[in-house]
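Subject: Structure handover

Hello,

Please find the structure below, followed by notes on what was found in it.

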Amino acid sequence: MVTRGGSDPHRRLRFHDYGAEGAYLVTLTVRRHLGPVAELTDAPHGPRFEPTRLGRLVAEGVEEAVSPRRSLHLFKLVLMNHTVHIMMRVDYSSATLLDERIDLIRREVRRRAGTEVFDPVAFDRPIHPQCDVTPIVRFLDEAPLRAKLLDERARAMFGRVIARRVADRACHTMGNPHLLSNPFCRQVVVHRSDSSADREIHLDSWLHLAANRGVLVGPFISEAERRVLDAAAALGGRAIMIVHTPLSEGMPLGPALSRMLAQGRLLLVSPDGLPPLRSRKLCLDLNDFALTLCGDNLAR
């Protein structure tokens with residue numbers, strides 16, 4: 001059982017059963033003309049998003065729609081300026097697809113607000129049943145801090161080369177470092193031994209993640225892997241690209257990667273001390289490092 005939404009064929013994961021029991025992080029975008037549902041404010045313990053009147057109505061509607069009596073359980077609700085993140089669990093399998101449950105949320109919020117609040121497209125990220133949700137909760141809790149740090153001055157730094165430790169390894173980076181904290185990331189590696197069926201499943205998973213605000217990670221060495229990166233860029237996706245050459249400000253990246261870098265959707269990572277010539281051993285090292293960045297969280 002599958003479902004898709006919006007004009008993008010990868011908006012829903014083709015090989016995932018959206019009617020089965022499971023957990024999701026759903027993101028809905030508020031229509032701009034309605035104004036924000038939360039405003040970033042300074043508080044004694046750090047920045048926070050304070051709900052507006054519309055935001056309070058949205059929160060009430062979500063909490064009413066995502067309730068145990070509807071076989072839904074609300075783990076976490078985060079309101080940002082024009083974005084609503086809903087971490088929820090579907091309690092049992094049924095013929096009701098995720099889109100229908102999201103429509104329930106839309107209707108309840110619309111009833112309370114007196115108008116259609118959300119844009120048509122909803123983003124979803126399935127959460128593996130054995131996943132430790134702590135990194136996901138931390139990622140959502142840190143949303144105000146990331147928003148505070150991503151002001152115009154910070155965005156101007158995306159084109160700067162900065163030395164930092166990444167996964168306990170000395171590196172130089174360029175781009176948006178906050179992509180490292182996204183718990184929904186996946187390594188992109190195309191093996192020659194992959195069957196056509198495996199490649200289809202992997203590609204669908206990668207492009208779904210790209211279209212739904214996750215992060216693809218890899219050196220993107222082979223032509224097949226670069227095609228995945230190009231497709232992800234066209235979907236508005238985010239990526240961490242590991243390179244073996246030194247980074248320099250203003251280095252030629254091509255139109256797509258330059259646009260991703262300027263928009264905060266790309267982080268280039270160059271580990272220190274790599275040999276200048278590419279070899280099979282170097283490629284394996286870069287792929288291993290990409291896997292390390294993704295970690296062992298099964299949400300990734």
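In these notes, helices (H or I, at least four residues) and strands (E, at least two) are DSSP runs, numbered from the N terminus. The model is predicted, so local features need pLDDT of at least 70 and side-chain atom pairs count only at pLDDT 80 or more, while totals for chains, interfaces and linings use all residues. Residues are numbered from 1 along each chain as its sequence is written, and side-chain values use heavy atoms, with hydrogens and water left out.

Loops

Aspartate 168 is found in the loop between strand E7 (162-166) and strand E8 (169-175). Its phi is positive, about 60 degrees, although aspartate 168 is not a glycine. Most residues other than glycine have a negative phi. Aspartate 168 is exposed, at 69% relative accessible area; buried means under 20%, exposed over 50%, and partly exposed in between (1.4 Å probe, protein chains only).

Phenylalanine 220 also has a positive phi, of about 50 degrees, and is not a glycine. This residue sits in the loop between strand E10 (215-218) and H7. With 1% relative accessibility, phenylalanine 220 counts as buried.

Histidine 82 belongs to the loop between strand E4 (72-79) and strand E5 (83-90). Its relative accessible area is 14%, so histidine 82 is buried. Contact here means heavy atoms within 4.5 Å. Not counting residues up to four places away in sequence, histidine 82 touches Leu28, Thr29, Val30, Arg32, Gly35 and Pro36.

Valine 133 lies in the loop between strand E6 (118-127) and helix H3 (134-141). This valine is partly exposed, with a relative accessible area of 31%. Leaving aside neighbours within four places in sequence, valine 133 is in contact with Met87 and Ile127. The C-alpha atoms of valine 133 and serine 67 are separated by 20 Å, and the two residues are 66 apart along the chain.

Nonpolar cores

A nonpolar core is a set of buried Ala, Val, Leu, Ile, Met, Phe, Trp, Tyr and Cys residues joined through side-chain atoms within 4.5 Å. The largest has 64 residues, and Val58, Ile105 and Leu216 have the most contacts inside it. Strand E1 (residues 22-30) gives the most to this core, with six residues. A second, separate core has 17 residues, including Leu179, Ile240, Leu286 and Ala290.

Leucine 216 touches, among others, Arg186, Val188, Trp206, Val228 and Ile240, not counting residues up to four places away in sequence.

Salt bridges

A salt bridge is a side-chain nitrogen of Lys or Arg within 4 Å of a carboxyl oxygen of Asp or Glu. By this rule there are 18 salt bridges. In one of them the side chains of aspartate 99 and arginine 12 meet, at 2.7 Å from N to O. This pair links distant parts of the chain, 87 residues apart: aspartate 99 is in helix H2 (residues 98-113) and arginine 12 in the segment before E1. Aspartate 99 is buried, at 17% relative accessible area, and arginine 12 is buried too, at 2%.

Glutamate 108 forms a salt bridge with arginine 112, with the closest N and O atoms 3.2 Å apart. Both lie in helix H2, four residues apart, about one turn of the helix. Glutamate 108 counts as buried at 9% relative accessibility, whereas arginine 112 is partly exposed at 30%. Salt bridges with shared partners join Glu60, Glu108, Arg111 and Arg112 into one network.

Glutamate 64 and arginine 70 also pair through their side chains in a salt bridge, at 3.7 Å from N to O. Glutamate 64 is partly exposed at 24% relative accessible area, and arginine 70 is partly exposed at 26%.

Second largest pocket

On a 1 Å grid over the protein atoms alone, a pocket is an open set of points where a 1.4 Å probe fits, with protein on both sides within 12 Å along at least five of seven lines; lining residues have an atom within 4 Å of a point. Grid points are joined across faces, edges and corners, and a volume is the space filled by probe spheres set on the points.

The second largest pocket holds about 500 Å³ of space. Its lining has 16 residues, of which Val189, Val190, His191, Glu225 and Asn287 lie nearest the centre. Helix H7 (223-234) and helix H9 (280-294) each supply at least two lining residues, and H9 gives the largest share, six.

Regards
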